[in-house]
Amino acid sequence: MKKIKVVSLLGSSVLLLAACSDETEAVKEINEVNSSAIVSSENEENQESVASETEVEENIIVYNQLVEDNENFKATLLEIEYTYDDVWDEEKIEVRFDVENKRADSIEVQARSLSINGRMVDDSIQMMSQEVAAGKVAEAVLTLQDYEGNELPTLEGDLEMLLHVFSWEDMDYQEDAEVKVNFE
């Protein structure tokens, strides 16, 4: 009787080990499927990321155009970028300038008299004011964005504006630099 119990216990153990082995293979197969799905998902995300980066690059017009270089400041038009603001659910246009202050005091750079395609642009949709400390360089960004849901002007003809530069510390100092960009 003891022999029968031992044999049946051994048989049960073998069956149990076989079942565990099958279960281990099944677990391995599930893990492989899951990991390939994760890798596939990561690849899709990477492809979407690359696609969105490409779209962003297509929305940037690079100029690197010197606007003004005098004893007080140097301004270069870097680029114009069309973007989408997820927070406000609005399109916007950003015009970026690189401004070097050559003065001994801080200067302020603002946009004035902006026109696109020969039409003046409403001051309510444009924002630009950048302080540049003495001897420093900063990026000044003109942002065009209509928070009321109206369409922005299309950049088809030209963009003209004045870079208005002044100092809060020296109220006698102010000057304007003309910016002209032709999109045709």
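Guide: We can start with a pair of neighbouring strands. β2 and strand β3 (residues 90-101) are antiparallel and share 12 bridges. The model is predicted: local features need pLDDT of at least 70, side-chain atom pairs count only at pLDDT 80 or more, and totals for chains, interfaces and linings use all residues. Residues are numbered from 1 along each chain as its sequence is written, and side-chain values use heavy atoms, without hydrogens and water.

Visitor: How many bridges join β1 to β2?

Guide: Strand β1 covers residues 60-69 and strand β2 covers residues 73-85. A hairpin of three residues links β1 to β2, and I60 has E81 in β2 as its bridge partner. The two strands run antiparallel, and the number of bridges is seven.

Visitor: Which are the edge strands of the sheet?

Guide: The open sheet has five strands in the order β1-β2-β3-β8-β6, with antiparallel pairing. An edge strand pairs on one side only, and here these are β1 and β6 (126-127).

Visitor: Is V87 buried or exposed?

Guide: V87 lies in the loop between β2 and β3. Buried means under 20% relative accessible area, exposed over 50%, and partly exposed in between (1.4 Å probe, protein chains only). Because its relative accessibility is 72%, V87 counts as exposed.

How values were computed: Two strands pair if DSSP finds at least two bridges between them. Helices (H or I, at least four residues) and strands (E, at least two) are DSSP runs, numbered from the N terminus.
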